[in-house]
Amino acid sequence: MPITAADHHWMAQALQWASKGRYITTPNPSVGCVLVKNEQLIGAGHSQVAGQAHAEVMALRMAGEQARGATAYVTLEPCSHFGRTPPCCDALVQAGVARVVVALQDPNPQVAGQGLARLREAGITVDTGVLAEAARQHHRGFLSRMTRQKPWVTLKVATTLDGKTALLNGASQWITSPAARADVQQLRARSCAILTGSGTVLADDPQLTIRHIDGLPWQGRQPLAVVVDSQLRTPQTARLLQGRPSLLAHGVAKPSWAAPHAELLYLPDPQGRVDLHALLQALAVRGCSELLVEAGSILNGALLRAGLVDEVILYLAPKLFGHHAQGAFNWPALEAVDLHTALQWIDCRHIGPDLRLTAIPTTH
């Protein structure tokens with residue numbers, strides 16, 4: 001049936017509900033669903049922690065018997081397979097929903113149109129593509145993992161106005177304001193894993209954990225800590241290895257290295273460094289949809305040169321460190337301006353006294 005302004009309105013509501021689950025659902029996508037009848041909202045929900053109810057079930061629970069004859073707006077195709085929970089398309093059929101409006105078809109091979117087909121077979125009207133671009137942005141990590149077999153990679157950097165990340169002696173705390181550092185906690189909370197390099201571990205011994213922020217519904221989940229460590233230089237006492245799952249990707253065999261919570265992943269490239277393409281594929285296999293990079297200039301530069309970065313988020317502080325300080329990206333000397341790496345700004349906003357700039361490589 002024709003798509004109306006009301007359909008766009010209600011799908012926007014479904015996307016708002018989807019955003020409520022973005023910190024808790026990994027490795028599942030955070031789906032939103034609203035149920036509407038006689039132009040009134042009768043049910044709404046978002047995906048819960050993996051293994052618990054999906055968005056459609058949450059909305060149906062709220063609606064109860066009113067769901068019969070209603071329209072469901074869902075940000076991603078209802079699942080059609082038995083995983084840790086029963087198929088959502090069956091729940092919609094059993095509830096007597098008359099119409100289902102979907103923003104995106106699910107690229108997961110276990111679904112991939114089968115949920116929509118089952119709804120249509122049951123006599124339910126199905127429409128797709130409503131606010132598809134907004135839904136693609138929201139579900140970008142899951143879509144990347146399913147279609148590209150790699151997580152969505154966000155590279156986060158905090159620099160001074162002259163592009164420096166630390167003094168020559170390595171001192172870097174703190175370049176940005178408390179407001180900017182609190183904002184980073186939200187980036188961490190929506191990420192499945194945080195990637196850094198062994199140089200950063202040796203210099204700063206970071207925890208790379210999510211700290212409590214009022215109003216951040218992350219429920220205590222900590223992202224997987226991933227270290228690119230070609231030579232396995234990370235000490236077993238490193239703080240990011242303590243009491244949480246971690247993964248060390250290395251390029252040389254060193255069977256004597258071991259830590260209680262750390263998994264070793266041998267992924268050498270021809271030069272004995274870590275094969276970064278293979279690492280991202282391995283993370284996708286482990287259910288990682290969104291990867292946050294908080295690393296030094298060497299790993300930052302390597303990821304950019306390899307074309308593996310989807311988004312750069314730059315926290316820019318109104319400070320100057322001078323030309324002797326350390327930069328954000330290790331890069332070979334260019335012989336021509338045309339050889340630069342081009343980015344496109346997509347967002348700019350104040351975070352306390354700092355700026356948060358978001359850009360994407362122009363090849364994306």
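Guide: Helices are DSSP runs of at least four residues, numbered from the N terminus. Please note that this is a predicted model.

Visitor: In which helix does Leu299 lie?

Guide: Leu299 is among the residues that UniProt lists, in an unreviewed entry, under "binding site". The helix that holds this residue covers residues 297-305, and is named H10.

Visitor: Is Leu299 buried or exposed?

Guide: A residue counts as buried when its relative accessible area is under 20%. For Leu299 the relative accessible area is 9%. Leu299 is therefore classed as buried.

Visitor: Which strands stand at the edges of the open sheet of five strands?

Guide: The strand order in this sheet is E2-E1-E3-E4-E5, with mixed pairing. A strand at the edge has a single partner strand, so one of its sides is left without a neighbour in the sheet. The edge strands are E2 (40-46) and E5 (125-128).

Visitor: Which residue in E5 is the bridge partner of Arg99?

Guide: Strand E4 comprises residues 99-102. E4 and E5 run parallel and are joined by four bridges. In E5, the bridge partner of Arg99 is Thr125.

Conventions
Residues numbered from 1 in each chain as written. Predicted model: local features only at pLDDT ≥ 70, side-chain atom pairs only at ≥ 80, totals over all residues. Heavy atoms only, no water. Pairing = 2+ DSSP bridges. Helix = DSSP H or I, 4+ residues; strand = E, 2+ residues; numbered from the N terminus. UniProt positions renumbered as here; feature names shortened; annotations may be inferred. Buried < 20%, exposed > 50% of the residue type's maximum accessible area, 1.4 Å probe, protein only.
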